[in-house]
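Subject: Structure handover

Hello,

Here is the structure we talked about. Please open it next to this message; my notes follow below.

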Amino acid sequence: MKLYDRSGFPNAGRIRVVLAAKGLDELVEFMPVDVIGAEHKSEAFLAKNPSGVIPVLELDDGTLLSECTAITEYLDNLDGQPTLTGTTARDKGVIHMMQRRAEAELIDAVGHYFHHATPGLGPTLQAHKSPDWAHRADWGRREGERALRGMRYFDQILSGRPFVAGESFSMADITVFMGLAFAEVAGLAAPADLTSLAKWRAKVADIPSVRSRSGQTLVADDLRRLGF
Ligand SMILES: N[C@@H](CCC(=O)N[C@@H](CS)C(=O)NCC(=O)O)C(=O)O
């Protein structure tokens, strides 16, 4: 399998945690994509994923999988023993519901804020992002507010259960965890009064598959090179 991604990016990080959790690193060839140079907006990359985002998993038979949820389902079910996506109909339903909320209300909202209300990843990529800057910047700021509301929602959820989708660590926890790390880099740190969220975050940071990726600092190295 080939994984088109870039170390340190939040959605790429979601799949790298999944690979660690499932012990699959050795089956994967990592194919770095120059996101800052907008390689993922090139014709060659758009042929792999028309949405123009990483990560993309290319299977040995040439099948192309994009979208972290789809990639996670594939990787988690490869050995017939899913641990991150649920085993019962009920658990699968709840995990997918929370995964979608973690995307829409947190990690994607942070991404929209970062790319449209801040200089994002610099001018080469911004040319693909904000052709109508003023309108987009306003939308981006509202997405930032949405992400902060999302954090408050997950804090409330985590005040009543150990993990985002219930009793067990799942792909929804990985998404919220990466969403919070991305938010911090984008300047949207979680408010200090969200104590359930903070306790859960410290617990998740210590789960071996998550801890094993902690050296791959989220976006930070690339941002430093851009002068942030
Ligand atoms: N819904 C997508 C989101 C992927 C995504 O936003 N990836 C980011 C990297 S963390 C990206 O490629 N950003 C570049 C861009 O938006 O141009 C997924 O689940 O894979």
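How far is an oxygen atom of the ligand from an N or O atom in the side chain of Asn 11? The distance is 3.4 Å. Bear in mind that this is a predicted model.

Glu 67 places a polar side-chain atom 2.7 Å from a nitrogen atom of the ligand. On its own, the ligand has 510 Å² of accessible area, and the protein covers 89% of that.

Where does the ligand sit?

Now the shell. The ligand is surrounded by 15 residues. Glu 67 and Cys 68 are among the closest, together with His 40, Ile 54 and Lys 129. Sorted by class, the shell holds 7 nonpolar, 5 charged and 3 polar residues.

Which helices supply at least two shell residues each? They are H1 (10-22), H4 (89-117) and H5 (123-129). H1 gives the largest share, with 3 residues. Both domain 1 (2-77) and domain 2 (89-208) take part, and each contributes at least three residues to the shell.

Two backbone details deserve a look while you have the model open. Ile 54, one of the closest residues to the ligand, is joined to Pro 55 by a cis peptide bond. Omega there is about 5°. Pro 55 lies in the loop that runs between helix H2 (43-48) and strand S3 (56-58).

The other is Ala 38. Its phi is near 65°, a positive value in a residue other than glycine. Ala 38 is found in the loop between strand S2 (29-32) and H2.

That is what I have for now. Send me your comments when you have been through it.

Best wishes

Key. Residues are numbered from 1 along each chain as its sequence is written. This is a predicted model: local features need pLDDT of at least 70, side-chain atom pairs count only at pLDDT 80 or more; totals for chains, interfaces and linings use all residues. Side-chain values use heavy atoms; hydrogens and water are left out. A residue is near a molecule or strand if one of its heavy atoms lies within 4 Å of it. A polar contact is a pair of N or O atoms within 3.5 Å; within protein, one must be able to donate a hydrogen and the other to accept it, and residues adjacent in sequence count only if both atoms are side-chain atoms. Accessible areas come from the Shrake-Rupley method with a 1.4 Å probe; for residues, only the protein chains shown count as cover. Helices (H or I, at least four residues) and strands (E, at least two) are DSSP runs, numbered from the N terminus. Ala, Val, Leu, Ile, Met, Phe, Trp, Tyr, Cys and Pro count as nonpolar, Asp, Glu, Lys and Arg as charged, and the others, Gly among them, as polar. Domain bounds come from an automatic or database domain assignment.
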